[in-house]
Amino acid sequence: MRLIIGTPNWTLNGVNIFSAALVRGLRRQGTHATLLITGSLWRDQKPLPWPKDLPIQRLPLPMVATWSARWRRLQTYLIAQAPCIYLPNHDVLHSAITPLLPSSIGVVGIAHSDDPQDRKSTRLNSSHLVISY
């Protein structure tokens, strides 16, 4: 089973550090796990170097992509990877497609903080809260 760990941008933040560690750990155990960069409409001033030891895919998007085009591309990408599990992480806008996904694609939500945006979900097979002190 494939696990696809999503993020809108590969920038320095706790969610991306968590995602890299998760993919490394899963791959050590023999699980096929990949980071998926969905891209966003903004640039971050804290770019994070791409890890050379992890498989990273970019969502194939045209130079100018409407949200409906982005959602269609993500849905097509995930269906091509099925059966799989998709963790959208903090990619709230792209996770809007989850109600449209077939049952061969599981969706796991992770609330990385108590921010209200982390608690928004449309359809999840499972949800988890990450607590750090």
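Is Asn89 buried or exposed? I began with this residue, and I record that the model is a predicted one. Asn89 is buried, at a relative accessible area of 9%; the cut-off for buried is under 20%. I located Asn89 in the loop between β4 and β5. I then read its backbone and found a positive phi of about 55°, although Asn89 is not a glycine. I noted this because most residues other than glycine have a negative phi.

**Entry: confidence**

I looked up the confidence before reading further. The mean pLDDT of the chain is 83, and 80% of the residues reach 70 or more. I find the highest value in β2, with a mean of 96, and the lowest in strand β6 (residues 126-129), with a mean of 48. Over residues 127-133 the pLDDT is below 50, and this stretch has ten contacts in the model beyond near neighbours in sequence.

**Entry: overall layout**

I counted two helices and six strands in the chain. Read from the N terminus, the order of the elements is β-α-β-β-α-β-β-β. Of the 133 residues in the chain, 43% are buried. I also looked up the contacts between residues at least 6 apart in sequence, and 52% of them join residues at least 24 apart. The chain exposes about 7,800 Å², and 57% of this area is supplied by carbon and sulfur atoms.

**Entry: nonpolar cores**

Which residues have the most contacts inside the largest nonpolar core? I list Leu3, Ile5, Trp10, Val23, Leu35 and Leu87, in a core of 15 residues. The elements giving two or more residues to this core are β1 (2-7), α1 (14-28), β2 (32-37) and β5 (105-111). I find a second, separate core of twelve residues, which includes Leu59, Tyr77, Leu78 and Cys84.

I returned to Trp10 to list its contacts. With neighbours within four places in sequence left aside, Trp10 is in contact with Asn16 and Ala20, with Leu35 and Ile37, and with Pro47, Leu48, Pro49, Trp50 and Pro51.

**Entry: helix α1**

I checked the span of α1. The helix has 15 residues and reaches 21 Å from its first C-alpha to its last, close to the 21 Å expected at 1.5 Å a residue. Its buried residues are Val15, Asn16, Ser19, Ala20, Val23, Gly25 and Leu26. I find that the buried residues of α1 pack against β1 and β2.

**Entry: strand β4 and Ile85**

Where is Ile85 found? I placed Ile85 in strand β4 (residues 84-87).

I then read the pairing of β4. Four bridges join β1 to β4, and these strands run parallel. Three bridges join β4 to β5, also running parallel. On the β5 side, Ile85 stands opposite Gly106, and Cys84 stands opposite Ile105.

I listed the contacts of Ile85, not counting residues up to four places away in sequence: Met1, Arg2, Leu3, Ile4, Gly106 and Val108. Ile85 and Ile4 are 81 residues apart in sequence, yet their C-alpha atoms are 6.2 Å apart in space.

**Entry: strand β5**

How many of the residues of β5 are buried? I count seven of its seven residues as buried, and the strand is mostly covered. I checked the two faces separately. On one side Ile105, Val107, Gly109 and Ala111 are buried, and on the other Gly106, Val108 and Ile110 are buried, so that both faces are covered.

**Entry: a cis peptide bond**

Which peptide bond is cis? I found the bond from Ala82 to Pro83 to be cis, with omega near 0°. I flagged this because most peptide bonds are trans. Pro83 is found in the loop between α2 (67-81) and β4.

Technical notes:
Residues are numbered from 1 along each chain as its sequence is written. This is a predicted model: local features need pLDDT of at least 70, side-chain atom pairs count only at pLDDT 80 or more; totals for chains, interfaces and linings use all residues. Side-chain values use heavy atoms; hydrogens and water are left out. A nonpolar core is a set of buried Ala, Val, Leu, Ile, Met, Phe, Trp, Tyr and Cys residues joined through side-chain atoms within 4.5 Å. Buried means under 20% relative accessible area, exposed over 50%, partly exposed in between (1.4 Å probe, protein chains only). Contact means heavy atoms within 4.5 Å. pLDDT is the predictor's confidence in each residue, from 0 to 100. Accessible areas come from the Shrake-Rupley method with a 1.4 Å probe; for residues, only the protein chains shown count as cover. Two strands pair if DSSP finds at least two bridges between them. The expected span of a helix is 1.5 Å times one less than its number of residues.
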